[in-house]
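Dear colleague,

I am passing this structure on to you, with some notes on what came out of it. Please read them alongside the model itself.

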Amino acid sequence: MTQQNLDELYELVKQRKENPIDGSYTDYLFKKGLDKILKKVGEETTEVIVAAKNSDPAELQYETADLLYHLMVLLVECNLPFEKIKEELGSRVGQMSQFKDRAPIKNFRGDTMKETIKQLASYVPPTPTETIAKRYGLSRVAKLSANENPYGTSPKVAAAVVDAVEQGSGNWYPDGNATVLREMIAQKLAVKAENIVFGCGLDEIITLVSRVFLESGDEVLVAEPTFSEYGLNAQIEGATVKSVPVDSQSGANDLNAFLNNITPNTKMIWLCNPNNPTGGYNQIAALRDFMTQVPKDVLVLIDEAYIDFVRSAQPASALPLLKEFDNVAVLRTFSKIYGLAGYRVGYIIVDDQRARYLQTVRLPYNLNTLSQVAAQAAFADQEFVEQVAVKNAQERDKWETFLKQHHVFYYPSQANFIYFKLPGADQLAKRFLENGYQIRTGFADDWLRVTIGLPNDNLATQQIMADFLN
């Protein structure tokens with residue numbers, strides 16, 4: 001690697017840092033930018049960069065790979081002057097040949113990890129809106145990337161939380177059974193209270209389910225695309241994840257394809273309904289027919305994080321299936337329509353035996369006092385929930401009308417987001433960012449997901465997109 005190559009590499013890093021395409025800057029840099037430099041610095045350097053970018057400790061066989069990877073991190077995250085590390089980098093890369101046949105680095109801290117963990121990439125959170133505002137000189141950034149509730153929470157939530165704080169409840173451990181919330185949910189949903197298991201958001205529930213029921217050699221079926229946590233947690237437990245493409249027209253789970261992919265090793269099936277990120281919805285009659293064909297020893301988990309946004313069918317939920325099949329479970333969250341994403345409250349409703357197993361592993365105080373208070377107040381205000389659902393449906397219809405008018409392919413959504421395909425999607429995402437709108441990228445080439453926001457924000461993003469298309 002010559003001095004010129006190093007300078008070109010640095011200029012590329014600088015350029016991508018100053019003009020990121022989305023919140024996952026480093027990922028974008030590796031995917032889109034380095035190829036040009038790699039062609040100039042030779043095949044050996046390409047090999048070690050590939051190892052480094054995969055973030056797989058088992059593959060970091062060359063000291064150079066580790067060095068180059070950390071160069072990227074330092075430049076991007078710490079903004080260190082390049083001149084201070086260029087000299088060392090140049091000398092180390094100059095010794096490339098001596099590392100080519102070297103064995104993997106010994107005593108690397110990753111050597112004590114589970115083998116499955118070594119193969120996984122870390123979650124990259126979205127860039128904070130404050131950072132985006134500063135970067136582009138904006139007074140406001142609308143976050144339309146995480147499917148949060150733009151209408152906030154029920155006014156009753158703030159009042160209840162303030163009251164709990166003023167009562168000084170923080171010095172006592174929370175109710176480990178979440179008794180009040182448990183009884184509220186059980187009564188409204190007509191399920192047994194003891195069949196509800198609470199988690200710190202659905203993320204914890206997904207982790208608990210995977211930890212309790214999966215082991216090495218098991219197979220887990222998930223849709224493609226769908227919420228990534230299902231597959232991630234299965235892999236952590238050593239299970240094999242098989243992806244089943246969604247229906248190509250509706251974006252819903254292809255239930256027949258799932259049935260065709262079941263093998264004797266299949267232990268678990270995840271159905272996000274409506275599906276994230278596509279928004280496709282499977283009606284309860286179809287799910288009932290599906291369940292009659294699934295082996296009884298396969299657990300089917302139906303994630304209904306977005307079920308309250310459904311308007312195409314009433315009732316929309318698969319809850320009735322709980323009384324018909326022992327091998328089905330339903331998951332719910334307070335993060336979406338209730339607007340409590342920051343409070344982290346989710347739960348699963350499952351059969352008696354599996355509920356006991358999950359309770360055995362669940363941490364005793366996983367829902368803090370204020371989370372319980374907020375969830376109780378939110379759940380009691382179903383009028384607010386209905387208002388949000390109506391507003392979301394109205395704005396969702398406007399989005400679909402807009403996409404039809406501009407001949408943009410999208411999946412019909414029953415959630416609070418729209419997933420559409422557009423050539424040059426990365427550039428459109430950048431255009432949105434420059435105008436103060438952060439949306440979700442990274443699912444697949446040319447695909448974007450936009451959360452349905454407030455009416456003015458929806459209108460503004462549609463105008464930006466129309467200008468881009470024209």
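Threonine 127 sits in the loop that runs between α7 (115–118) and α8 (129–136), where helices (H or I, at least four residues) and strands (E, at least two) are DSSP runs numbered from the N terminus. Threonine 127 counts as buried because its relative accessibility is 13%, buried meaning under 20% relative accessible area, exposed over 50% and partly exposed in between, with a 1.4 Å probe and protein chains only. From C-alpha to C-alpha, threonine 127 is 8.9 Å from glutamine 438 in space, although 311 residues separate the two in sequence.

**What the model rests on**

This is a predicted model, in which local features need pLDDT of at least 70 and side-chain atom pairs count only at pLDDT 80 or more, while totals for chains, interfaces and linings use all residues. Residues are numbered from 1 along each chain as its sequence is written, and side-chain values use heavy atoms, with hydrogens and water left out.

The mean pLDDT (the predictor's confidence in each residue, from 0 to 100) is 83 for the protein, with 75% of its residues reaching 70 or more. Over residues 73–80 the pLDDT is below 50, and this stretch has 15 contacts (heavy atoms within 4.5 Å) beyond near neighbours in sequence. Residues 91–110 also stay under 50 in pLDDT, and the model gives them 27 contacts beyond four places in sequence.

**Overall make-up**

The protein has 19 helices and twelve strands, and 50% of its 470 residues count as buried. Among contacts between residues at least 6 apart in sequence, 72% join residues at least 24 apart.

**Helix α17 and arginine 396**

Helix α17 spans residues 382–405, and its 24 residues reach 35 Å from first C-alpha to last, close to the 34 Å expected at 1.5 Å times one less than the number of residues. Its buried residues, including Phe384, Trp399 and Leu403, pack against β9 (409–410), β10 (417–421), β12 (447–451) and α19 (455–469). Just after α17, histidine 407 takes a positive phi of about 55°.

The side chain of arginine 396 does reach the backbone oxygen of serine 413, at 3.2 Å.

Key. A polar contact is a pair of N or O atoms within 3.5 Å; within protein, one must be able to donate a hydrogen and the other to accept it, and residues adjacent in sequence count only if both atoms are side-chain atoms.
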